[in-house]
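Welcome! Keep the sequence and the 3D view open while you try the exercises that follow. Try each task yourself, then read its solution.

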Amino acid sequence: MNLNSDWQTLNQDILQQSLAHIQQLLQQFCDRLQGKKFGIFNSPAPSWKPPQTAETSALQSLCDIFQLSHFERDLLLLCAGVELSGAIAQLCGTAQGNSNLTYATFSLALAVFPEAHWTAITPAHPLRHWRLIEIVSPESLTQSRLRIDERILHFLNGVNYLDDRLRGFMTPIAPKMPLPPSHIALVKQIIELWQQETPPIIQLCGTGQDAKETIAAITCQELGFNLHRLSASDIPSNLQERESLARLWEREAILGRSALLVEIDDRDPVPQAMAWLHRVQSLVILALREPILLQHRAQVRLDVAKPTTVEQQQIWHWALGEKAIDLNGQLEILTSQFDLSAESIQSSCLIAGIKQEKLASIHQSVDTFDLLWQSCRDQARTRLDDLAQRITAKASWNELVLPESQMQMLWEIVAQVRQRSQVYDKWEFAVRGANGLGISALFAGASGTGKTMAAEVLANELNLDLYRIDLSQVVSKYIGETEKNLRLVFEAAESSGAILLFDEADALFGKRSEVKDSHDRYANIEVSYLLQRMEAYRGLAVLTSNLRSSIDPAFLRRLRFVVQFPFPDAQQRQEIWQRIFPTKLPTEDLDFTKLAQLHVTGGNIRNIALNAAFLAADHGSALKMEHLLRSAQTEYIKLEQTLTEAETTGWISKTSNGATIAGWIDQWGNPL
């Protein structure tokens, strides 16, 4: 509807003329009543139609849209006149013989208006079906007060807005940014489908919710529709409330020329959403992960993929503007690592720009690429934080003590993550097939040998997030739930290429036994699904196991790397001891050769060093061998092992204050 000032003036003129006709009919009816009292009879008023103009008035639009008869039109105008004209309200009281009855009733309309028919007040006909009017007090159908719906009253006055009763459910959506070519193709498809005689429901499937919104918004913009969003979780479960919402939305879709985007996620009650969608007759787009089957409604599935690498680079250039020139081709590095939607790219640029301005205000300079990289990490980690534990990676190569061959394999993993775009895309290894392109590794070794630390080192070196996924929490006894949980984890991680660390992998990848029942069969399906997702995952997935021999050989074959973390020998233990103490920790007379006599892993060494530091702090002294001896005793008790004399020989000859060993033992207890 055209809302310019000329149309507003014209619309008000037509509405006032229409109300004047209603007032005339009421006045003539009152005059006839008065004439009957004195034996005077007046002829009825001639039939009347609103004036026809080049532009359609709001009243004429209502009559055309809802196919109102002349009597239904006059009844609607009577209810509107009571709200807009004091004279009409007063005449209603006079016509009904009671000055307090200043409102419309159906009996009054039957008596006053020509072409009256009883069906006008039935629920199946337009006035009540579309809730143009409502019965306020239904004690008596003919004598009850009739009131025009507020949304309809404003519409007649030329004010078009979203019904207040829908505001808690529907949210207007406008296009946020341009679409890449692959998404523009989807817009064109939807336009063609909606131009059919019976437009189908469009199902936009995939994980990119922002992209679906933008596709729907631009489609509606091209067709001249308004778009509103509804979350499936907000659809009422009560049948009557659901029916009311459907009726109000259908009316709104007509009056406001609107389409609806219904967002459905895995947690939403799909059955009640489907029941509501079966009821609604309007233009609808569904935004969901997987398609659903709607009976009695035509439907078309369209898959929404994230923008391609080339499209993402174009979006980066668009979002950065002139700043993109300064990056000297580094945008390729961003798009090879982060698989972001257009909206996430725009947000990353905005956040990086704000940070750069703040740093510039305090005379600090940070590389634009580094800010963009960190912003991308922040954008991508939002969904994954709800599904896994993010580990703050602080460990560096200097803290990792491993044999040369294992260190070499870790560096090879780093090289493959960094160069996968070069090898897969530019050198076209990916052209041969998508299978087996994921980088997966098994870290096997006893507890405390450095498996998690190695994962931290990789995350630190690659400047990526590290997430620990506890398979004991992911694996479910319910059939299909394990795959669902794993799918959510991998899909959430895809955008960032974060490093995924699966703890206790042998719980899922143990050697297969004979399939005796359905549970064994589905357990094998779960394993196959995880391996399949790991092979397709564009980032690095790391499995950890305390015992490599417990892993099925068939699973080992499908892993890119297997890194064995050996129990550290004496030389390696000495190196770990030398690196374990922070520089600010005060120490005195530590003998690393003797400390290396303890037959423990790096994880146990860290525990002993930390506990000893607390003992030293409590005694107000530097860290000494006696503190480490006491701490080692505690660690061995925890491990249910015996601290032998051979391991502690020569640790203590005298304490720092000159006391004998016997005196020290009296104070701390015999550790042997």
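Buried means under 20% relative accessible area, exposed over 50%, and partly exposed in between, with a 1.4 Å probe and protein chains only. This is a predicted model, where local features need pLDDT of at least 70, side-chain atom pairs count only at pLDDT 80 or more, and totals for chains, interfaces and linings use all residues. Residues are numbered from 1 along each chain as its sequence is written, and side-chain values use heavy atoms, with hydrogens and water left out.

**Exercise 1. Find Ser495 and decide whether this residue is buried or exposed.**

Step 1: Look in the loop between α19 (481-494) and β12 (499-503), where Ser495 sits. Helices (H or I, at least four residues) and strands (E, at least two) are DSSP runs, numbered from the N terminus.

Step 2: The relative accessibility of Ser495 is 9%, so this residue counts as buried.

Step 3: Now see what surrounds it. Contact means heavy atoms within 4.5 Å. Setting aside neighbours within four places in sequence, Ser495 touches Lys306, Gln337, Phe338, Asp339, Leu340 and Ala380.

**Exercise 2. Describe the chain as a whole: how many helices and strands are there?**

Step 1: The chain has 28 helices and 14 strands.

Step 2: Of its 672 residues, 47% count as buried.

Step 3: Among contacts with a separation of 6 or more, 75% join residues 24 or more positions apart.

**Exercise 3. Work out how many disulfides the structure holds.**

Step 1: Start with the idea. A disulfide is a covalent bond between the sulfur atoms of two cysteines. The cut-off used here is a pair of cysteine sulfur atoms within 2.5 Å.

Step 2: The count is 0 disulfides. Cys30, for example, is in none, and the nearest cysteine sulfur, that of Cys92, is 8.4 Å away. With a relative accessible area of 8%, Cys30 is buried.

**Exercise 4. Follow Met170: which residues is Met170 in contact with, beyond its neighbours within four places in sequence?**

Step 1: Find Met170 in strand β3 (residues 170-173).

Step 2: Its relative accessibility is 1%, so Met170 counts as buried.

Step 3: Leaving out those sequence neighbours, Met170 contacts Leu162, His228, Arg229, Leu230, Leu245, Trp249, Leu260 and Trp276.

Step 4: Met170 and Leu227 are 57 residues apart along the chain, and 9.4 Å separates their C-alpha atoms.

**Exercise 5. Study how α10 and α11 pack: at roughly what angle do their axes cross?**

Step 1: Axes are lines fitted to C-alpha atoms, for helices over the stretch in contact, and angles run from 0 to 180 degrees between N-to-C directions. The axes of α10 and helix α11 (residues 270-279) cross at roughly 45 degrees and come within 10 Å.

Step 2: This angle makes α10 oblique to α11. Angles under 35 degrees count as roughly parallel, over 145 as roughly antiparallel, 65 to 115 as roughly perpendicular and the rest as oblique.

Step 3: Look at the residues. Arg242, Glu243, Leu245, Ala246, Arg247, Trp249 and Glu250 of α10 meet Gln272, Ala275, Trp276 and Arg279 of α11.

Step 4: Sort them by class: the contact of α10 with α11 has 5 nonpolar, 1 polar and 5 charged residues. Here Ala, Val, Leu, Ile, Met, Phe, Trp, Tyr, Cys and Pro count as nonpolar, Asp, Glu, Lys and Arg as charged, and the others, Gly among them, as polar.

**Exercise 6. Examine the phi of Asp589 and of Glu640: is each positive or negative?**

Step 1: Most residues other than glycine have a negative phi.

Step 2: Asp589 is not a glycine, yet its phi is positive, about 55 degrees. Asp589 is in the loop between α23 (570-580) and α24 (592-595), and is exposed, with a relative accessible area of 67%.

Step 3: Glu640, also not a glycine, has a positive phi of about 60 degrees. Glu640 lies in the loop between α26 (625-638) and α27 (645-648), and counts as exposed at 75% relative accessibility.
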